[in-house]
Amino acid sequence: MLYIIYAEDNADSLEKRTSVRPAHLARLQLLQDEGRLIVAGPMPAVDSNDPGVAGFTGSAIVAEFSSLEAAQAWAEADPYIAAGVYKNVAVKPFKRVF
């Protein structure tokens with residue numbers, strides 16, 4: 001089953017985000033290598049692919065997991081949570097139509 005992980009950033013968390021980004025991306029790369037990652041990326045705080053110092057407002061990930069509990073556990077282990085980047089994370093089942 002697919003799940004969407006929707007996370008909102010804390011204000012002024014760009015420095016924290018940058019510091020743990022390699023660990024965050026490594027986890028996503030594992031999902032990609034296993035063929036389970038559909039899409040993942042941050043949400044720029046401004047209307048630009050490169051928001052600069054404006055940073056990001058959060059992230060979204062759509063990936064395959066064996067259960068909602070497995071998706072939640074994976075999301076809770078994200079380095080962005082431990083570093084204080086994310087203030088809120090929601091995990092919900094996702095039905096792909098297109």
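Q: Is Pro22 buried or exposed?
A: Pro22 counts as exposed, since its relative accessibility is 57%. Bear in mind that this is a predicted model.

Q: Which helix does Pro22 lie in?
A: Helix α1.

Q: Okay, on to the strands. How do β1 and β3 run?
A: They run antiparallel, with 7 bridges joining β1 (residues 2–9) to β3 (residues 56–64).

Q: Which residues make up the largest nonpolar core?
A: There are 12 of them: Tyr3, Ile5, Leu28, Leu31, Leu37, Ile61, Ala63, Phe65, Ala71, Trp74, Ala75 and Val91. At least two residues come from each of β1, α1 (14–33), β3 and α2 (68–76).

Q: Which element gives the largest share of this core?
A: That would be α2, with 3 residues. As a general point, nonpolar side chains tend to be buried together in soluble globular proteins.

Q: What's in the second core?
A: The second core is separate and has 5 residues, among them Ala7, Val20, Tyr80 and Tyr86.

Q: Let's talk aromatics. How many aromatic pairs are there?
A: The structure has 3. In one of them, Phe65 and Trp74 have ring centres 5.7 Å apart and planes at 50 degrees, so the pair is tilted.

Q: Why tilted and not stacked or edge-to-face?
A: Because stacked needs planes under 30 degrees apart and edge-to-face needs over 60, the 50 degrees between Phe65 and Trp74 makes them tilted.

Q: Are those two buried or exposed?
A: Both Phe65 and Trp74 are buried. Together with Tyr3 they form one aromatic cluster.

Q: Which charged residue sits over the ring of Trp74?
A: Arg27 does, with its charged end 4.0 Å from the ring centre.

Q: New topic: where is Glu64, and how accessible is it?
A: Glu64 is in strand β3. Its relative accessible area is 38%, so Glu64 is partly exposed.

Q: What does Glu64 touch, again leaving out residues up to four places away in sequence?
A: Met1, Leu2 and Arg36. Glu64 and Phe94 are 30 residues apart in sequence, and their C-alpha atoms are 9.3 Å apart in space.

Q: And Asp12, what about its phi?
A: Asp12 has a positive phi, about 55 degrees, although it is not a glycine. Asp12 belongs to the loop between β1 and α1, and with a relative accessible area of 79% it is exposed.

Q: Last one: what does UniProt list for residues 1–95?
A: The unreviewed UniProt entry lists "domain: YCII-related" for that stretch. In the model, residues 1–95 are 35% helix and 36% strand, and the end C-alpha atoms of the span lie 8 Å apart.

Definitions and conventions: Residues numbered from 1 in each chain as written. Predicted model: local features only at pLDDT ≥ 70, side-chain atom pairs only at ≥ 80, totals over all residues. Heavy atoms only, no water. UniProt positions renumbered as here; feature names shortened; annotations may be inferred. Helix = DSSP H or I, 4+ residues; strand = E, 2+ residues; numbered from the N terminus. Phe/Tyr/Trp six-rings, centres within 6.5 Å; stacked < 30°, edge-to-face > 60°. Buried < 20%, exposed > 50% of the residue type's maximum accessible area, 1.4 Å probe, protein only. Lys NZ or Arg CZ within 6 Å of the ring centre and 35° of its normal. Pairing = 2+ DSSP bridges. Core = buried A, V, L, I, M, F, W, Y, C linked by side-chain atoms within 4.5 Å. Contact = heavy atoms within 4.5 Å.
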